Amino acid sequence: MKLSQFRFDLPLNLIAQNPTKRREDARMMVVHRKTGVIENKYFRDILDYFDDKDVFAVNNTKVFPARMYGKKEKTGAKIEVFLLRELNKPNRLWDVIVDPARKIRVGNKLYFGEMDELVAEVIDNTTSRGRTIRFLFDGPEEEFKKVLTSLGETPLPKYIKRKPDEEDRERYQTVYAKHEGAVAAPTAGLHFSKELIKRLEIKGVRFAEVTLHTGLGTFRPIEVEDLSKHKMDAEYYAIEEQACKIVNKAKQDGRRICSIGTTTMRAMETSFTAEKMLKPSEGWTNIFIHPPYNFSISDALVTNFHLPKTSLLIMTCAFAGFDLTMEAYQKAIKDKYRFFSYGDAMLVI
């Protein structure tokens with residue numbers, strides 16, 4: 001398929017700027033793959049679609065406060081530094097994106113905090129806006145992380161046109177987040193409250209946790225018309241034995257596996273056996289799922305509503321079917337569903 005087929009017109013007023021008051025109060029469109037039926041529900045109604053011993057596979061990555069603002073030595077020019085990944089703990093090396101990039105050269109020093117609590121030196125260029133920096137900090141690792149966290153802010157996407165606040169520190173994070181490493185939230189999981197999870201567990205639904213640290217590459221624009229030529233940025237993932245036991249037992253018993261988010265699905269589609277069972281592994285995945293694709297693990301998917309021509313929309317089309325997904329998106333626009341990170345959910349069954 002071609003990239004241009006995944007274009008649609010999205011009214012800007014449908015881009016959610018704030019989360020719903022309660023997580024499970026988001027709306028949920030239910031898309032039935034076999035019948036083509038589309039229902040309008042609320043996320044709390046997900047209880048009605050799953051039964052005893054069905055499994056929800058979730059991504060337990062944790063978002064860190066990746067966006068920092070510093071000033072350049074001598075000139076004092078304000079610089080945005082977006083932390084991507086830590087390269088070397090003893091040496092405190094990080095890959096980052098800087099803005100404006102034209103002002104930042106190798107050898108420059110950047111100062112963070114009102115009292116210049118943290119200093120970093122630019123040591124390499126990686127891409128047009130990418131740099132490798134070394135934080136110059138003499139204290140222990142725990143103290144360094146505290147300073148980094150205090151100076152960073154919640155990395156809300158740029159399409160949310162406001163400054164993040166204290167509420168975002170909690171709401172731009174799933175309630176089951178454990179392993180820090182993501183620079184963007186696995187947004188399908190934001191709709192689960194602890195109370196809803198408890199109600200699902202009482203009903204007999206089991207939860208299997210995998211990890212995929214969402215990077216900015218997931219959201220990088222696709223610049224080739226031929227989808228087979230697009231290369232995803234690699235993201236770290238880990239699938240442990242316990243998750244495999246839960247998922248594989250359910251598959252053997254004929255129960256359903258619902259992937260909570262495209263990141264969870266990508267992790268599981270990276271690691272399965274010839275018998276289409278989930279297997280333990282960890283490493284880096286750059287899998288790009290686009291139609292046509294035969295899924296090996298999941299029978300259902302929860303995802304948010306995505307931007308036109310993105311890998312997230314394309315993957316949803318691979319799972320739900322192109323025509324049905326695009327019909328659902330037109331209905332979502334007509335019915336004024338809220339889009340993107342703080343937006344509403346789609347359940348594909």
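What covers the buried residues of α1?

1. The model is predicted, so local features need pLDDT of at least 70 and side-chain atom pairs count only at pLDDT 80 or more, while totals for chains, interfaces and linings use all residues. Residues are numbered from 1 along each chain as its sequence is written, and side-chain values use heavy atoms, with hydrogens and water left out.

2. Helix α1 spans residues 141-151, and its buried residues are F144, V147 and L148 (buried means under 20% relative accessible area, exposed over 50% and partly exposed in between, with a 1.4 Å probe and protein chains only). These three cover an arc of only 100° around the axis, which puts them on the same side of α1; the arc is that of the directions from the helix axis to the C-beta atoms. Helices (H or I, at least four residues) and strands (E, at least two) are DSSP runs, numbered from the N terminus.

3. To answer the opening question, the cover over the buried residues of α1 includes the strands β5 (67-72), β6 (78-88), β7 (93-99), β9 (118-125) and β10 (130-136), where contact means heavy atoms within 4.5 Å. The face of α1 turned away from its buried side carries the exposed residues E142, K146 and S150.

4. K71 lies in strand β5 and D116 in the loop between β8 (109-112) and β9, so the pair ties together parts that are 45 residues apart in sequence. K71 is partly exposed at 31% relative accessibility, and D116 is partly exposed at 32%.

5. A further salt bridge is formed by D335 and K331, whose closest N and O atoms are 2.8 Å apart; K331 counts as partly exposed at 26% relative accessibility. Elsewhere, salt bridges that share partners join R22, D25 and R44 into one network.

6. In helix α3 (residues 194-203), the residues L196, I197 and L200 are buried, and they cover an arc of only 100° around the axis, which puts them on the same side of α3. What covers them includes β3 (55-59) and β12 (206-212), whereas K194, E195 and I202 are exposed on the other side of α3. Just after α3, G204 takes a positive phi of about 110°.

7. Helix α5 (residues 262-270) and helix α6 (residues 311-320) pack at an angle of about 65°, with their axes 11 Å apart; axes are lines fitted to C-alpha atoms, for helices over the stretch in contact, and angles run from 0 to 180 degrees between N-to-C directions. The two helices are therefore roughly perpendicular to each other, a term for angles of 65 to 115 degrees. The contact is made by T262, M265 and R266 of α5 and by L312, M315, T316 and F319 of α6.

Conventions: Salt bridge = Lys/Arg side-chain N within 4 Å of Asp/Glu carboxyl O. Parallel < 35°, antiparallel > 145°, perpendicular 65-115°, else oblique.
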